[in-house]
Amino acid sequence: MRALLLAAGIGSRLRPVTDTIPKCLVPIHGRALLDYWFDLLTPAGVGPVLINTHYLPDAVRSHVAQAPYREQVTLVHEDELLGTGGTIHANAGFFGREPFLVAHADNLTRFDMQGFEAVHRARPPGFAITMLAFETDDPRSCGILEFEEPAAPGRAGIVKAFHEKVENPPGNLANAAVYILEPEVLDFLASLGKPVIDLSTEVIPHFVGRIQAVSLATYHRDIGNVESLRRAHEEFVPSHVQSSSAAADSAG
């Protein structure tokens with residue numbers, strides 16, 4: 001499965017951290033957000049991966065050039081930001097006519113990628129999008145999902161409504177900005193006839209009723225501001241630390 005990691009954002013709410021570091025390279029426990037994404041995708045066989053750039057693109061190019069996953073990556077630069085949907089549309093040829101993954105590279109997350117793919121393969125007939133969901137501690141800052149039936153952990157539910165950053169959200173189960181999209185989404189983007197498109201406000205509402213969402217993340221946080229960055233440092237335990245702790249417990 002091919003993938004797009006959206007990494008072009010300016011990260012204005014993360015200043016001064018992002019004055020000199022692009023958002024996708026903000027470090028958590030000494031490692032860039034982008035690197036954590038490849039920890040998830042590479043073992044699951046996802047690739048090649050397209051990464052879009054805009055703000056501080058040379059830093060992203062340099063980081064990728066030195067990364068162990070560099071052979072999997074194609075970089076594409078946007079002189080003007082195209083929006084999440086616009087980037088997908090502009091690079092439709094990269095994805096071909098197969099399902100593909102789209103994710104925001106400025107999120108710090110851990111989930112079962114192979115399980116996510118399996119959920120998509122088992123989707124109901126006619127469904128075009130599978131979305132990763134998570135329980136947020138700040139519903140007003142997220143896109144909140146409503147389901148046809150009460151959502152159950154680890155089981156896909158049909159999205160009947162989507163509320164993007166509203167004042168009184170009807171719950172706390174949110175869009176994690178990780179999607180598997182069918183090629184018909186590319187056709188819809190092309191039908192809009194414009195280059196700048198937002199996935200959350202222009203595409204997802206069109207497919208409501210044909211979207212399933214599943215909560216598979218064991219950790220998920222949008223590194224959108226300095227406070228969320230601070231909390232990520234406190235909460236998130238990298239996999240190599242988890243493995244070391246488990247080994248020590250076993251030895252003890």
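**Entry 1. Phe147**

I started at Phe147, which is buried with a relative accessible area of 12%. The cut-off for buried is under 20%, so Phe147 falls inside that class. I note here that the model I am reading is a predicted one.

I then placed Phe147 in the chain and found it in strand E9, residues 143-147. Leaving out residues up to four places away in sequence, I listed what Phe147 touches: Gly157, Ile158, Val159, Lys160, Leu173 and Ala213. For Gly157 I also took the C-alpha separation from Phe147, which is 6.2 Å for two residues 10 apart along the chain.

**Entry 2. The whole chain**

I went back for the overall counts. I have 9 helices and 13 strands in the chain. Of its 252 residues, 47% are buried. I looked up the accessible surface too, and it comes to about 11500 Å², with 51% of it belonging to carbon and sulfur atoms.

For contacts between residues at least 6 apart in sequence, I read that 76% join residues at least 24 apart.

**Entry 3. Nonpolar cores**

I asked which residues touch the most other members of the largest nonpolar core. They are Leu5, Leu34, Ile51, Leu101 and Phe116, in a core of 36 residues. I then noted the elements that each supply at least two residues of this core: strands E1 (2-6), E4 (49-53), E6 (100-104), E8 (129-135) and E11 (173-181), along with H1, helix H2 (57-65) and helix H5 (113-121). H1 gives the most, with 5 residues.

Beyond the residues up to four places away in sequence, Leu34 touches Leu5, Cys24, Leu25, Ile51, Val64, Tyr69 and Ala105.

**Entry 4. Aromatic pairs**

I searched the whole structure for aromatic pairs and have 8. I described the pair of Trp37 and Phe111 as edge-to-face, with 6.4 Å centre to centre and 65 degrees between the planes. Trp37 is in helix H1 (residues 33-41) and Phe111 in strand E7 (residues 107-111), so this pair ties together parts that are 74 residues apart in sequence. Both Trp37 and Phe111 are buried.

Next I checked Phe95 and Phe100. Their ring centres are 4.0 Å apart and their planes are at 15 degrees, so I recorded the pair as stacked. Phe95 and Phe100 are both buried.

I also noted a cluster in which ring pairs link Tyr36, Tyr219 and Phe236.

**Entry 5. Charges over rings**

I looked up two arginines. The charged end of Arg2 sits over the ring of Phe94, 4.7 Å from its centre. Arg31 lies over the face of Tyr36, at 4.9 Å from the ring centre. Tyr36 is also one of the residues in the ring cluster of the previous entry.

**Entry 6. Strand E7**

I returned to E7, the strand that holds Phe111. How many of the residues of E7 are buried? I count 5 of its 5. Asn107, Thr109 and Phe111 point one way from E7, while Leu108 and Arg110 point the other way. I recall that in a regular strand the side chains alternate between the two faces of the sheet.

E7 is joined to strand E13 (residues 217-222) by 5 bridges, and the two strands run antiparallel. I find Ala217 in E13 as the bridge partner of Phe111.

**Entry 7. Strand E1**

For E1 I read that 4 of its 5 residues are buried, so I recorded it as largely enclosed by the rest of the structure. E1 pairs with E6 in the parallel sense over 5 bridges, and with E4, also in the parallel sense, over 4 bridges. On the E6 side, the bridge partner of Arg2 is Phe100. On the E4 side, Leu6 stands opposite Asn52.

**Entry 8. Helix H6**

Last I looked at helix H6 (residues 183-191), where the buried residues are Pro183, Val185, Leu186, Phe188 and Leu189. I listed what covers the buried residues of H6, which includes helices H3 (83-90), H4 (92-95) and H7 (199-207) and strands E6, E8 and E11. Just after H6, I noted that Gly193 takes a positive phi of about 65 degrees.

Technical notes:
Residues are numbered from 1 along each chain as its sequence is written. This is a predicted model: local features need pLDDT of at least 70, side-chain atom pairs count only at pLDDT 80 or more; totals for chains, interfaces and linings use all residues. Side-chain values use heavy atoms; hydrogens and water are left out. Buried means under 20% relative accessible area, exposed over 50%, partly exposed in between (1.4 Å probe, protein chains only). Contact means heavy atoms within 4.5 Å. Accessible areas come from the Shrake-Rupley method with a 1.4 Å probe; for residues, only the protein chains shown count as cover. Rings of Phe, Tyr and Trp (its six-membered ring) pair if their centres lie within 6.5 Å; planes under 30 degrees apart count as stacked, over 60 as edge-to-face and the rest as tilted. A charge sits over a ring if NZ of Lys or CZ of Arg is within 6 Å of the ring centre and within 35 degrees of the ring normal. Two strands pair if DSSP finds at least two bridges between them. A nonpolar core is a set of buried Ala, Val, Leu, Ile, Met, Phe, Trp, Tyr and Cys residues joined through side-chain atoms within 4.5 Å.
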